[in-house]
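Dear colleague,

I am passing on the structure below, together with some notes on what turned up in it. Please read them with the model open beside you.

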Amino acid sequence: MPASQPAPPSPWVCRFTVLLAPAASVLDVACGGGRHLRWFAARGHPVTGIDRDAAALATAHGLGELIEADIEGGPWPLPGRRFGAVVVTNYLWRPLRPTLLDSVAEGGALIYETFAAGNETVGRPARPDFLLQPGELLDWCRAPEWRVVAFEDGFLDAPERFVQRIAAVRRRGSATGAAPGRYRLDGV
């Protein structure tokens with residue numbers, strides 16, 4: 001792919017875009033050049049992207065709110081803000097887990113996809129610090145306020161990689177007897 005052409009969005013992210021309310025705000029964590037910011041902005045969602053790489057963020061100029069921040073070594077740049085979706089791909093910093101989950105508004109979605117244990121046998125990343133353990137994302141979303149809509153933990157080709165991914169919705173405060181949420185599985 002030519003350097004001037006942005007990478008396509010993740011099929012997992014595309015598939016679970018249906019979980020978002022129309023015009024819901026989206027936070028893309030470690031957004032890089034903005035492939036998911038482009039995807040969501042083109043569908044009418046206000047977008048916010050965070051990355052520590054100023055050059056990568058520059059390629060996403062004009063898409064929405066862009067924040068250059070070291071979220072591993074510095075303070076979280078969006079304290080108290082909540083979004084209709086939090087999207088994370090190809091990134092893992094476990095100390096950020098509570099902050100990411102808290103950044104999803106009631107009724108909003110967490111769409112997460114990154115490398116998993118086993119990836120060390122086929123390439124990078126290979127350090128355990130950067131690889132999810134079996135079922136780890138499920139464990140993140142076990143609290144009663146979360147409804148897991150989809151989860152996968154396995155191997156993909158082209159390029160070869162082990163991945164784990166989840167799409168989960170933060171339930172709205174529900175009254176007894178409320179109708180269950182209808183979370184579409186058929187993608188966009």
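A strand, as the word is used here, is a DSSP run of E of at least two residues, and strands are numbered from the N terminus. Please bear in mind throughout that this is a predicted model.

With that in place, R161 belongs to strand β7, and at 22% relative accessibility this residue counts as partly exposed. Its side chain reaches the backbone oxygen of P159 at 2.6 Å, and, once residues up to four places away in sequence are set aside, R161 touches F115, N119, V122, G154, F155 and L156.

Strand β7, which covers residues 161–170, also holds R170. This arginine is buried and yet has no salt bridge, the nearest side chain of opposite charge being that of D102, 4.1 Å away; the cut-off for a salt bridge is 4 Å between a side-chain nitrogen of Lys or Arg and a carboxyl oxygen of Asp or Glu. What the side chain of R170 does have is a polar atom 3.1 Å from the backbone oxygen of L101. Beyond its neighbours within four places in sequence, R170 is in contact with several residues, among them R82, D102, E106, E145 and W146.

A further arginine, R165, meets E113 in a salt bridge with an N to O distance of 2.7 Å. Because R165 lies in strand β7 and E113 in strand β5 (residues 104–115), this pair ties together parts that are 52 residues apart in sequence. Both residues are buried, and E113, E152 and R165 are linked in a network of salt bridges.

The strands themselves form an open sheet of seven, in the order β3-β2-β1-β4-β5-β7-β6 and with mixed pairing. Its edges are β3 (65–68) and β6 (146–156), each of which pairs on one side only, and the twist from one strand to the next averages 10°. Within the sheet, strands β1 (residues 26–29) and β2 (residues 47–51) run parallel and are joined by four bridges, with V29 standing opposite I50 in β2.

Over the whole structure, the search finds seven salt bridges. One of them joins the side chains of E65 and R81 at 3.0 Å, N to O, and this pair links distant parts of the chain, since E65 is in strand β3 and R81 in the loop between β3 and β4 (83–89), 16 residues apart. E65 counts as partly exposed at 32% relative accessibility, as does R81 at 34%. Another salt bridge is formed by D129 with R127, whose closest N and O atoms are 2.9 Å apart; D129 is partly exposed, with a relative accessible area of 46%, and R127 is partly exposed at 48%.

Technical notes. Residues numbered from 1 in each chain as written. Predicted model: local features only at pLDDT ≥ 70, side-chain atom pairs only at ≥ 80, totals over all residues. Heavy atoms only, no water. Buried < 20%, exposed > 50% of the residue type's maximum accessible area, 1.4 Å probe, protein only. Lys, Arg positive; Asp, Glu negative; His and termini not counted. Polar contact = N/O pair within 3.5 Å; in protein donor to acceptor, adjacent residues only side chain to side chain. Contact = heavy atoms within 4.5 Å. Pairing = 2+ DSSP bridges. Axes fitted to C-alpha atoms, helices over the stretch in contact; angles between N-to-C directions.
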